[in-house]
Amino acid sequence: MSHQHLSPLREPLVSEARTLGQLTEEICAPMERPPTWKWWAAFAIAVSILGTGAGIVAYQVGTGIGVWGLNKTVGWAFDITNFVFWVGIGHAGTLISAILFLFRQKWRTSINRAAEAMTLFAVMCAALFPVIHMGRPWLAFWVLPYPNDRGSLWVNFRSPLLWDVFAISTYFTVSAVFWYVGLIPDLATVRDRAKAGIRKAVFKVLSLGWTGSHRTWSRYETVYLLLAGLATPLVLSVHTIVSMDFATSVIPGWHTTIFPPYFVAGAVFSGFAMVLTLMIITRVVLGYEHLITIRHLENMTKVIIVTGGIVSLAYGTEVFIAWYSGNEYERYAFLNRAFGPYAWAYWTMVTCNVVSPHLFWFKKIRTSPAAIFVLSLVINVGMWFERFVIIVTSLHRDFLPSSWSMYTPTMVEVGTFIGTFGLFFTLFLLFVRVLPIISIGEVKSVLGFARAEVPVDAEPRKPAHSAPEPLPAVQGPMAAPALALVTRKDAPV
Amino acid sequence: MSDTLPKYWQSLAERAGDPGVLEQARNEFAEELPVGTAFAPPDASSRRDFFKMMGLSATAALVACNRAPVQKVIPYVARPDEVTPGLALWYASTCGGCSAQCGLLLKTRDGRPIKVEGNDEHPVSRGGVCAVGQASVLSLYDASRARFPALSCKRTTWAALDAGVTEGLRKASEEGRAIRVVLPWVMGPTAEAAVRRFLTAYPTARTVRYEPLGELAAIGDAYRVTHGARVVPDYRFDQAKVIVSFGADFLGTWVSPVAFTRQYVEGRDAAGKREMARHFQVEPVMTLTGAAADRRFPVAPSDLAPALGALVRKLAVKAGRTVPALALLPPPTLAESSIEEMADALWAQRGHALVVCGGDDVASQVLASTANALLGNEGTTVSLADGLALDVDALSYGELLAEVSAGAVGAVLFLGVNPAYTDPRGAELEALLKGVPLTVATNDRLDETATLARYHAPDSTALESWGDAEPRRGVLSLRQPAVAPLHETRSVVESLLTWAGAARSHYDFLRSRWEAEVFPKAGAAGQDFGAFWDDAVRRGVVTLSSATVEAPAFREDGLAKALAGVAHPSVEWELVLYPTVAVRDGAPANNAWLQEVADPITKATWGNQALIAPARAKALGLEDGAVVRVAVGGRSVSLPVLVQAGVHPSVIAVAVGYGRTKAGAVADGIGANGYPLAALVEGRVRRAVPGVAVEATGEKQPLALTQTYHRLEGRPHVREAELAAFLANPRAGNEVEGGHGGGNDKHPLSIWSGHEYKGHRWALAVDLSACTGCSACVVSCQAENNIPSVGRDEVLRGREMHWMRVDRYYQGDEANPQVVHQPLMCQHCENAPCETVCPVLATVHSTEGLNQQVYNRCVGTRYCANNCPTKVRRFNWFDYKHDDPLERMVLNPDVVVRSRGVMEKCSMCVQRVQEAKATAKREGRPLKDGDAQTACQQSCPAKAIHFGDLNDPASTVAKLSKDGRAFRLLEELNIGSSITYLTKIRNTGSGSGT
């Protein structure tokens, strides 16, 4: 936000010329128009899936965990797999907004808002599972250390599940605050564009009296920077702690010191894949190709190559250590993963997570949204299977062969998992309708990025920091560039 | 400052400075309070008195506030004698589960029997109880039992029934038509007396002895041939130094498994005696006994008699006798060397050897009897004198059917037998009985046979009735009811006496018979009968010191005839119908505990299977669960295949006792009935059937197994040693050292500070050498701890709730593997992995070393179960309801019933420990070793489980935990298990062990 990069040698971050007003117009457009039938259709599907999922969860809570396929040996399977999967997805948002912000990665501006929203929604989906996987979910509040009248009963601070409670709730809270603080200038923009009425009133409250003064901006940026600093360690801590659910146990295949970095890398890996999946759809549907450019996608694939590499290294290290440790249980656990009854899951995971990211070394694939879209889905499938492999194959054959068993999911488990996608997309579709999905203020700051032809007089004005934009009609059109699909009243979302 | 304030005055006197008024103003109370005056002289009144009075009045007010009770309490005036709510009462009794008749202690709470335990003072069963005995308490509350007498399956009154039956019997008797009483071989002396009384009342009446498996009949008939006495001898496995068993599952189901198990284990106490009997088992199907054997030879059932014959021939040669009849026998398929090995071993220990034979084949039993005679075992390991004399006048069931077909029978009484289900000709019974004017059944429910009878006069269960038993000559065991009959049922003894016109209560009949016949022999001189009787009832058993009886001698003359029929057909498939440890002949099948306890060998629950050998399965391309049709003589059953190691390749084995149709809600339709496939050879039913056809149907049926992986993957969870190696080195086979701890209690590398146990520290020791895997402990645990039965579907999903299980592992060749059983319960780890991971502290360590599960606090994350390295934790996946008003009476009030969504597991019977502690405290003495016993320990027929205080150096557990054979599971994880296992010792004679 702070400084412009005007070198023509750099590639512009916003690929088409836009005035500040046009940007505002483009980004605010989806919010200010009635939804189209396509949105309604997508929303109807998402809500139906959510409703079905909610019904399935209600059935499960009403009947008992027995409607899942778990047994005396495998006590966790789909539930915790989905939990870790969603928490992992929830990693990219804060990573993009906080860590990339601290590293001054300007390209993040077009995607951070949506990525953060994705984080929040994913964490909501994730948080569902630890609650409903309990035998008595109505007593879930017992995991909170609150003063109570049950004598000396207190929570067990030695339990990684308790650490999870703190890690996830902290992460969610800080991510939500960070997201909201980042939204304030844009909420003010929306407020200012709104005509009097409920909408205006709501956004007036939400924008917390934003004036757009230099002092406001200055304080805002300080707060944002501090929050970014606060959120950064959480990105690492949350999945570190999730990994400790497994790493601190005694079960071969779980009891592994490599888990914290391995899980964090895996989470970033899957999170970026999910951001890609969503962004590729969004940029096409909303016509934001010039804001979320191929360059953004490319950068994200590069992160995927790196984190995919870390994940692959972790897989290799695990196998090596299993052999090198000489521990027969550990050895068996890894042999069983690769060649046991769940070998198909293991090799699915290896194919998706180890092999497929390397396709991104090819520029052609890296710059093809279609190819990236497919690969991002493949990676998410792979990362889901990674958690499944870790949880189920470690549990189903542990120490005493007499208790070894197999696990098969039931329709209730599959339905619950699909239901969380309903929740996720319902929230995301609502988000697309009610909030600016691209940070207007931040994108404006990179509008002139790497653009030699930007008028010299525009520079000292720091347009992004100025008072609310004048209405585009007042400003007058530039050299009539084709506006995004969304700005045109005739062309629907 | 006070100067500036205005001065207020209250009265003119004050203003004027009247000294009296000023004096008054200094007093706290302006006027004297008059309280003291009422109680004390006016001058004694003081401030102190005032407070006294105030206290008194306040108390009086409070007392007055306490309203008189308005609730109408109902005092427990009509309290039954001896019953104290909350305290258990124990009654010594005798088991009615099978013909073994073990001694029991019945635990009752508030008048309800809730637990069956073994009577330690019983000289035959010696404190053990099998799974069937344990489960009999659930059968008492079986909702499918008959609740009233019935005429044509419709409710009637006892008076009407008695009138009808008596009239029918009188008529039959007058017409000179036969009256037949079909009953089991073993009823107990008093019941036999009642039967005799009945037979005297009706001259045309005779007994027909019926036994579903024909084992006692075969033994009795064989001894009739070889010794001229129809007797089942008293076998003494503890006296035997070499045991050779031809198909006799004497540890599981044969004759008296509980007693035999204890004897067997004592004879093989390598640690105590420094020697152990060698056990050879020759059998077609892997049985519990075969699993315990040192040397096991799988044979086809048709090879049993020839192989036994070959063994007897060798023994005869060694004994220098010629037994010409043996030459008639066909040559065996079993290797000559194996027979030689057994013959040598037996001959070396002649006089202290034992040859037993199972099954229903008289010829084989004759050979076994001959072998024992040749070896001179009679009087030591085989006692005819102490044996069980069988009814010599009884007709066989085949003879009865012939009579009935001929129309000569006027009345048939079925006393608790169910031939319609257990006999291969069962299907014909309905048509045959139509020609009999009077049919009566006393079965406990309207089962397959009782529904065919006109009158149903339901017998009370053994827990509701009086009775006695004589499991060994001179050992008289009394049965007393632990509860009045729950329904309108009547003891069969009373029924018989009523119908004989000599109606008496069972109690009177029993007591008078004991007074007349038992008391004089009891040697209780100087005692009056009342005291003797009371003592006998209290103790449950009386040992008569009668003079030794001359046992009949062995004679060869009948051998040739008896052995003439032995054939050795060469066929593709031979069917073996065998009883399982749990449901036996099928009589107790309608019992969820017995259906759900895993078979010790197959680990299958809820149903029977067709067991075939691995090699045969491979050749035919059959896998576990593939449904095959087993057909013979136009009858067939379809059952899923279970590939069972140790089965002879030509054998297809089917457990009997399943496929009930009228047993009740639990058993009906579970499995398939194998009895109709049995063969009829010369009028005798044979459960080994050569020449059956087996064809795959192409269907699949999943097997409800509790253990689906049978190899140990080379892991040291069970350890064993060969006897010779063990004698040389007590740590033989146990040299596998743990990781951090090195197998001792010090954990130098632990980051945990460890627990401090100031008082007790409870622990278990399990002797793998003694454990036979019979699973009585599993049922005992289930009964004690209110563990729900979950049913076949849930077992299929791997969710059985048993707090303890018996793991079974194989070693070696799949055609004939060695087997190890390992009872596994919560290990109560010192550094319990479950305790650290529970987020809500629902599983915690007690100050006495127990790992405790707090059900109320559990939210059900299942993290503890995942992190349990031994996977002994059980989760309530659903609400397992105990809402049948009858069946829930079996619940133990000392153990909470768990709701859904909580974890549970072995508590080391903490309720028993607490009770024992409370008792000791009340009696003002320290707790002794053995005061507290866990349920599994108490009922173990082998006494393989020991419970006690590790902090008491004199306790058995403390000693065993330091034994050379001691090892703990997963020591390398430093979990610090409280359960000590002792290595299994084998006596295969093959040199060093593993």
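Start by selecting residues 626-632 of chain B: this is strand E22, and five bridges tie it to E28(B), with the two running antiparallel. Zoom in on B:Ala626 and you'll find it opposite B:Lys700 of E28(B). Strands here are DSSP runs of E, at least two residues, and helices are runs of H or I, at least four residues, both numbered from the N terminus; two strands pair if DSSP finds at least two bridges between them.

A word on what you're looking at: this is a predicted model, where local features need pLDDT of at least 70 and side-chain atom pairs count only at pLDDT 80 or more, while totals for chains, interfaces and linings use all residues. Residues are numbered from 1 along each chain as its sequence is written, and chains are lettered from A in the order in which they are written.

Now widen the selection to the whole sheet. It is open and mixed, with seven strands of chain B in the order E27-E20-E24-E21-E23-E22-E28. Color E27 (688-690) and E28 (693-700) of chain B: these are the edge strands, each pairing on one side only.

The end C-alpha atoms of residues 88-144 of chain B sit 27 Å apart, and the span is 18% helix and 37% strand.
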